[in-house]
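Take a look at the sequence and structure, then read on.

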Amino acid sequence: MAVSTIEGHLAWYVGNGELEINRLLPREKVEIISEYLHKNPSYSLGQARQTLGKDITFEDLRFVMNHLKYKEKSEAT
């Protein structure tokens with residue numbers, strides 16, 4: 001399997017709450033990305049990555065996006 005395939009599966013599990021985001025990313029990185037996404041609701045992944053710097057990958061962004069969607073869905077129920 002390609003790394004991107006595995007990362008896609010991990011993102012899916014994060015989005016379903018079956019995998020804790022903190023098992024994949026350090027808390028500080030999750031907080032930085034979460035804060036950016038909340039302040040910039042009409043972001044693009046490319047723009048977010050460029051703004052946040054080279055230490056943030058597209059997969060980091062996807063993991064956190066799925067985590068936030070899961071949290072939002074969980075809090076709504």
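Predicted model: local features only at pLDDT ≥ 70, side-chain atom pairs only at ≥ 80, totals over all residues.

Residues are numbered from 1 along each chain as its sequence is written, and side-chain values use heavy atoms, leaving out hydrogens and water.

**The helix pair**

- Helix 3 spans residues 45-52 and helix 4 spans residues 58-76; they pack at about 110 degrees, with axes 10 Å apart.
- Leu45, Gly46, Ala48, Arg49 and Leu52 of helix 3 meet Phe58, Leu61, Arg62 and Met65 of helix 4 (contact means heavy atoms within 4.5 Å).
- By class, this contact of helix 3 with helix 4 has 6 nonpolar, 1 polar and 2 charged residues.

**Phenylalanine 63**

- Helix 4 also holds phenylalanine 63.
- Phenylalanine 63 is buried, with a relative accessible area of 6% (buried means under 20%, exposed over 50%, partly exposed in between, using a 1.4 Å probe and protein chains only).
- Leaving aside residues up to four places away in sequence, phenylalanine 63 touches Glu7, Leu10, Ala11, Val14, Ile21, Leu24 and Leu25.

**An aromatic pair**

- The structure holds 1 aromatic pair (ring centres within 6.5 Å, taking the six-membered ring of Trp).
- Tryptophan 12 and tyrosine 13 form this pair edge-to-face, 4.9 Å centre to centre with 85 degrees between the planes (edge-to-face means over 60 degrees, stacked under 30 and tilted the rest).
- Tyrosine 13 is partly exposed, at 36% relative accessible area.

Conventions. Axes fitted to C-alpha atoms, helices over the stretch in contact; angles between N-to-C directions. Helix = DSSP H or I, 4+ residues; strand = E, 2+ residues; numbered from the N terminus. Nonpolar A, V, L, I, M, F, W, Y, C, P; charged D, E, K, R; others polar.
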